[in-house]
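Notebook open, model loaded. I want to go through some strand pairing and then the surroundings of the ligand.

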Amino acid sequence: MKRPQAQVAVLQAADAQEDRRIDDVAAEADLKPEAATRAAFELEADGLLAVSEETLEHYELTEEGDQYVRESLPEQDLYEAAIDAGAADGPVQMGQVIGASGLEGGAVDIALSNYARKAYGEIDSGEITANQDADPGSDPEMLALEAVADGRVEDADADALEQLERRGLLDVREETVRSVQLTDDGVTALMEGVEAAETVDQLTPEMLTSGEWEDVAFTEYNVEADAEDVSHGKEHILRQTANRVKDTLVGMGFSEMEGPHADAQFWINDCLFMPQDHPARTHWDQFALEEPEEIGHLPPDLVERVRSAHKEGVGPDGEGYHSPWTEDIARGMDLRGHTTSLSMRYLSGHQVGELDPPERYFSVEKVYRNDTLDPTHLLEFFQIEGWVMAEDLSVRDLMGTFTEFYEQFGITDLEFKPHYNPYTEPSFELFGTHPETGEVVEVGNSGIFRDEVLTPLGVDCDVMAWGLSLERLLMLMYGFEDIRDVHGTLCDLELLRETEVIR
Ligand code: PHE
């Protein structure tokens, strides 16, 4: 029988009587562990080898666990001090016992909660008793700590190990170990003789240039054989979806906007007819920059028109806010709370020059808000900003655009709800249904810009606009429930690795 070289080496290194670890087989066969594993799976698929898998647990003390094993557990110290203070005969003042125990800071709480849990005694309204029958000298958790420290995990009590892990005194690392054993067919094959096939399993540049590739025989791969999981780096699903959103919008005729993450309040708020005393403009909602404190340049004529819109409104029947408006506030620098700041820069004609309708622009960029973290809110998220400038736009155009856009992501149950924004009229919020929980989730906000926004910018046709959340779109597409699963240090690596890309 002829077999690829790696398979022959693995067959020869394997044993018919006992399981041998793949790593040992690989070392003996002079193969990389991955190559030996691949060969083993191929041999298994042909019935020549049996591959078994086992999960090994490795226990290691944390720094805290290590400290306790060298000294003692805080609750043991507390018990000793309690006994010395006579707490076995009746309640003793807690402060006195803690002082005598030498416990400090966080160790006091640790000692108290474990003391009660282990029935070393009772703690009640500032007094402590000690249970005469308790035996901290043979505390199972201490014994387990010592067993781990001495490399005798097998002697440790399973419950105690679990408790130590919960207390953060022990780390458990899992390792998957594969072993192989020859099957009867494998033994037969070896006895009949297995030769290395002179096949080539890798095409090299040299073979291509020399022309040798035309004469060699290539190894046949069994693409159906099981293989080990490889978790390689890959594009994050958030980035993948952002790129897909961009492609979709470009396909719908939009061009991409870009601009600063930190910007003047002027572009973020004032151009949007947000009064300077609006609650959303306080530090409760937005992040202000200390350095630079203010923007270098604002177009003076635009500043003047925005000021006038805020004070007097626009048009003959215009009403402004009649509240104070100062350029100082407008110049203040913030992290943008929405990318509508980019829309203002573009619509003003100061970014890519004057625009002629029809025009369509979008961005998929990060925005920053001083929110409270919860499953649907982060301090930063990606906003899908967009606007269309044209004559005679209506809410139907806006709804139609969303329907078309979200359909491309498989979302066909959009709902709309009237809303209020200082800068759009009418305005509405968009909702979708979460595929797992069935909850209705807000996915975006939109509207048609008011004259108080457009007139100062010098735009004299309609502009419909929106800000959608990329993360919420992702939730509807993939069904996860916590935004922190895909973002930040608590993210769910398994979800990120295994989520199938939808194209
Ligand atoms: N800026 C709004 C938000 O962040 C979205 C929006 C943009 C609404 C443009 C209307 C028009 O929620």
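This is a predicted model: local features need pLDDT of at least 70, side-chain atom pairs count only at pLDDT 80 or more; totals for chains, interfaces and linings use all residues.

I began with strand 14 (residues 359-368) and strand 15, which run antiparallel and are joined by ten bridges. Strands here are DSSP E runs of at least two residues, numbered from the N terminus, and two of them pair if DSSP finds at least two bridges between them.

Residues are numbered from 1 along each chain as its sequence is written.

Next I looked at how covered strand 15 (residues 380-390) is: eight of its eleven residues are buried (20 or more other C-beta atoms within 10 Å of their own, C-beta atoms being placed from the backbone). Strand 15 also runs antiparallel to strand 19 (residues 462-469), with eight bridges joining them. There I found Trp 387 bridged to Ala 465 of strand 19.

Ala 465 turned up again at the ligand, in a shell that also includes His 338, Asn 421 and Trp 466 (C-beta, placed from the backbone, within 6 Å). Strand 18 (440-449) and strand 19 each supply at least two shell residues.

Last, I checked an open antiparallel sheet of three strands, ordered 2-7-3. Strand 2 (20-21) and strand 3 (49-61) are at the edges with a single partner strand each, so one side of each has no neighbour in the sheet. Strand 3 pairs with strand 7 (residues 170-182) over 13 bridges, and I picked out Leu 56, whose bridge partner in strand 7 is Glu 175.

Key
A residue is buried if 20 or more other C-beta atoms lie within 10 Å of its own, exposed if 12 or fewer, and partly exposed in between; C-beta atoms are placed from the backbone. Helices (H or I, at least four residues) and strands (E, at least two) are DSSP runs, numbered from the N terminus.
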